[in-house]
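This report covers side-chain contacts in a predicted model.

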Amino acid sequence: KARFLKKSTLRLHGADTTSVINYLKSRYKKIYLVGHSLGGPSILYADTKDINAAIFWDASYSPKNLAKFSVYDKSLDAYIIPWGVDYVVGKKMHKEWLEFDPIKMVRQFQKPLKVIVAGKTYKFRAERDKYHVYANEPKEFTIIKNAGHTFDEEGTEEKLFEETLKWVRKY
């Protein structure tokens with residue numbers, strides 16, 4: 001009975017992340033968050049005072065672009081993002097994407113942040129390094145060459161995990 005994307009929002013994902021942090025904080029000395037794609041903005045909506053650091057894996061910088069690709073379907077009362085596999089997104093999430101201000105959000109984030117981007121998509125989504133540009137110190141930025149958004153090309157997962165582990169060990 002997981003959440004359905006049609007009935008969810010980034011704020012709700014952030015609240016869920018906060019719930020997980022609250023559950024873990026009495027059980028572990030250190031907590032690290034990794035957000036892939038929309039997981040990056042979701043982390044920015046979470047209460048992260050009890051984490052040690054975060055890592056963004058090719059995080060969505062401008063959900064406004066996702067909103068531009070979406071098409072409203074009256075019969076579903078939702079938006080569809082047609083990317084080979086159709087993603088159904090509710091009106092609240094769609095509206096939130098249009099209002100999302102990544103610069104403001106990342107400036108408010110007060111924990112060490114490593115931004116890792118996929119080299120194959122970087123030329124099309126070069127704005128993703130702005131998470132790093134506008135983030136507070138400490139911060140770090142890495143491009144993984146030959147990686148696509150899901151980091152499933154040969155050797156790219158290993159590099160992704162290596163970069164992630166270095167950041168975790170540092171904090």
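Lys-25 and Asp-50 meet through their side chains in a salt bridge, with an N to O distance of 3.2 Å. Lys-25 lies in the loop between helix 1 (10-24) and strand 1 (32-36) and Asp-50 in the loop between helix 2 and strand 2, so the pair ties together parts 25 residues apart in sequence. Lys-25 is partly exposed, at 39% relative accessible area; Asp-50 is also partly exposed, at 31%.

Glu-140 is partly exposed at 24%, while Lys-114 is buried at 0%.

Glu-163 and Lys-159 form another salt bridge, their closest N and O atoms 3.2 Å apart. Both residues lie in helix 8 (residues 156-170), 4 residues apart, about one turn of the helix. A network of salt bridges links residues including Lys-114, Glu-140, Lys-159 and Glu-163.

**Aromatic contacts**

The whole structure holds 5 aromatic pairs. Among them is the tilted pair of Tyr-45 and Phe-100, 6.1 Å centre to centre with 45 degrees between the planes. Both Tyr-45 and Phe-100 are buried. Phe-56 and Tyr-131 pair edge-to-face, at 5.1 Å and 80 degrees, and both are buried.

A charge also meets a ring: the charged end of Arg-27 sits over Tyr-23, 3.7 Å from the ring centre.

How values were computed
Residues numbered from 1 in each chain as written. Predicted model: local features only at pLDDT ≥ 70, side-chain atom pairs only at ≥ 80, totals over all residues. Heavy atoms only, no water. Phe/Tyr/Trp six-rings, centres within 6.5 Å; stacked < 30°, edge-to-face > 60°. Buried < 20%, exposed > 50% of the residue type's maximum accessible area, 1.4 Å probe, protein only. Lys NZ or Arg CZ within 6 Å of the ring centre and 35° of its normal. Salt bridge = Lys/Arg side-chain N within 4 Å of Asp/Glu carboxyl O. Helix = DSSP H or I, 4+ residues; strand = E, 2+ residues; numbered from the N terminus.
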